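Here is a friendly walk through a structure, written for someone who likes to know the cut-offs behind the words. Have the viewer open as you read.

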Number of protein chains: 2
Amino acid sequence: MHPFDKALELEASGDGRWRGRTLPEWANMVGPFGGITAATLLRAVERHPQRHGQPIALTVNYVAPVADGEFDIVTRAVKTNRSNQHWIVELWQGDEVKTTATAVFGLRRDGWTESEITAPQAADPAGIASSVPPFGVVWFDNYDMRFVDGAMPATGEDPTPSASSTTTLWVRNNPPRPMDFAALAAVSDIFYPRVFLRRGEFVPAGTVTMTVYFHADEPQLAAQGADFVLGTARAHHFSGGYFDQSAHLFGRTGTLLATSHQFVYFKA
Amino acid sequence: MHPFDKALELEASGDGRWRGRTLPEWANMVGPFGGITAATLLRAVERHPQRHGQPIALTVNYVAPVADGEFDIVTRAVKTNRSNQHWIVELWQGDEVKTTATAVFGLRRDGWTESEITAPQAADPAGIASSVPPFGVVWFDNYDMRFVDGAMPATGEDPTPSASSTTTLWVRNNPPRPMDFAALAAVSDIFYPRVFLRRGEFVPAGTVTMTVYFHADEPQLAAQGADFVLGTARAHHFSGGYFDQSAHLFGRTGTLLATSHQFVYFKA
């Protein structure tokens, strides 16, 4: 089984509840990669028999680190409207909530289509070397990341600050795997904290909350297949120990798949 | 009492519950202005005796229209960490949830501060006429809006599409009122749906979910006082009957107060 699908394996445990477990291959510095947690919460709703339509929007709040081991996901359909449906989701370990989420699912309708953003200029990923992460974070091995701009700062050297917080990269699952909404939720969190790039060094940082808006429909995701996604992310403001970062994810042919935003805690 | 504070009047009704009511002066096309609902949910958490720190981030999901009359807000502190605290909030009428929210509160810390965005160029609001909304939406009267760019399309004329989705405006409460986090949450939703501007006409549209990141701390909000905020908003992509819009709110002296994002349903 693909490592992404393995991480999203959930057993129904009754009344909108699902049992899952962390996997060592998705470990981040503390707890699992936030993107895989986001994908797992989304998948729990996708598995729910009352689910209506496809993912439209997802907000995930990283309440406390998920410990190695089993967890329970509690999904609750708050309301089902004609064209959309609202969910509250919680990830529990023992008597503690570790992650919360709200999700909007729904039906898309044909109509006026227009984009005000275009994919950034980027050489073909075939000509860019796969990135080797500069420190041993296990989950990186589950992605093939090819940096176009704003690669991670090197470790063990003097800090090399950057005036720009922008990273642009090609990314796909490793091994390749067809794109779906859960995989798109995970890739929305692929961008390392922008403060690393600006400061040119690693500092304590962690996402507090992330929101994903799913612009693509199912046929567009199907057309993307297992190909690379072109992602670009930047920050707007750093103050009070928090900064925001916004990301755009484009399909290989320039289709906007998702936009996402997060607020990140940091110490610097 | 100021109409904003009147709308946020809540009576404690036990166990993290609060009773409030809609006011005719905050009416939108259907239900109250989404910004006043967001502010009311935030205020309920602010009033909670276990509240730790100040607002950091807020996501509000507009589940169903709030009907005229009383409502109950249920606040739940999911977890209190050393530096932050996570909340789930629901607004109920009878046996129906009308709005959900997650909120992060917390302590800000001094440290590295940097901004990658600056306030847009704008003439002084004293020289710009206050906007008269082109149709009779009552809540507009609670704000003094002075459009720098991207004013509302006129009604009763042929559609005048715009190639840009950007609106920039000065805005403050009417009558003026000192800025606080709840007022900032409300102003985050001040921008009319970007699809109106692009299409040059009014079409059915409604915010499904909104996220606010509070960049300002209390002293910065206090320094803002009751002065105008300079806000700018734009869309990125319209498809499948949804579009996103992102907004930046700056204080009179250029301080970034908040960034916000929303996903909006539309028919066109």
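## A loop residue facing the other chain

B:Glu116 sits in the loop of chain B that runs between β7 (114–115) and β8 (143–149). Strands here are DSSP runs of E with at least two residues, helices are runs of H or I with at least four residues, and both are numbered from the N terminus. With a relative accessible area of 22%, B:Glu116 is partly exposed. On this scale buried means under 20% relative accessible area, exposed means over 50%, and partly exposed is in between, using a 1.4 Å probe and protein chains only.

Which residues does B:Glu116 touch, not counting residues up to four places away in sequence? They are A:Ser164, A:Ser165, A:Arg198, A:Arg234, A:Ala235, A:His236 and A:Phe238, where contact means heavy atoms within 4.5 Å.

## How to read the model

This is a predicted model, in which local features need pLDDT of at least 70 and side-chain atom pairs count only at pLDDT 80 or more, while totals for chains, interfaces and linings use all residues. Residues are numbered from 1 along each chain as its sequence is written, chains are lettered from A and ligands numbered from 1 in the order in which they are written, and side-chain values use heavy atoms, with hydrogens and water left out.

## Chain A as a whole

Chain A holds 5 helices and 13 strands. Its radius of gyration is 18 Å, close to the 18 Å that the globule rule gives for 268 residues, so chain A is as compact as a globular protein of that length. The radius is taken over C-alpha atoms, and the rule is 2.2 Å times the number of residues to the power 0.38. Along its principal axes, the C-alpha trace of chain A spans about 55 × 45 × 40 Å.

Of the 268 residues in chain A, 58% are buried. Among contacts in chain A with a separation of 6 or more, 70% come from residues 24 or more positions apart. The accessible surface of chain A is about 10,000 Å², and carbon and sulfur atoms own 50% of that; the areas come from the Shrake-Rupley method with a 1.4 Å probe, and for residues only the protein chains shown count as cover. Chain A also carries 22 positive and 28 negative side chains, with the centres of the two sets 4 Å apart. Lys and Arg count as positive and Asp and Glu as negative, leaving out His and the chain ends, and each charge is placed at NZ of Lys, CZ of Arg, CG of Asp or CD of Glu.

## Helix α2 in each chain

In chain A, helix α2 (residues 34–47) has 14 residues and reaches 20 Å from its first C-alpha to its last, close to the 20 Å expected at 1.5 Å a residue. The expected span is 1.5 Å times one less than the number of residues. This helix is mostly covered, with 13 of its 14 residues buried.

In chain B, the end C-alpha atoms of α2 (residues 34–47) are 20 Å apart, which agrees with the 20 Å that its 14 residues should span. Here 13 of the 14 residues are buried, so α2(B) is largely enclosed by the rest of the structure. B:Val45 belongs to this helix and counts as buried, at 0% relative accessibility. Leaving out residues up to four places away in sequence, B:Val45 touches B:Arg51, B:Thr75, B:Trp87, B:Val89 and B:Phe105.

## A strand residue with contacts in both chains

A:Thr100 lies in strand β6 (residues 96–106) of chain A and is buried, at 2% relative accessibility. Setting aside neighbours within four places in sequence, its contacts include A:Val60, A:Val89 and A:Glu90, and also B:Val78, B:Ile88 and B:Thr102.

## Backbone details in the loops

The peptide bond from A:Asn174 to A:Pro175 is cis, with omega near -5°. A:Pro175 is in the loop between β9 (167–173) and α3 (181–187) of chain A. In chain B, the bond from B:Asn174 to B:Pro175 is cis too, with omega near 0°.

A:Asp15 has a positive phi of about 55° although it is not a glycine. This residue lies in the loop between β1 (11–12) and β2 (17–21) of chain A and is exposed, at 76% relative accessible area. B:Asp15 also has a positive phi of about 55°, and it counts as exposed at 78% relative accessibility.
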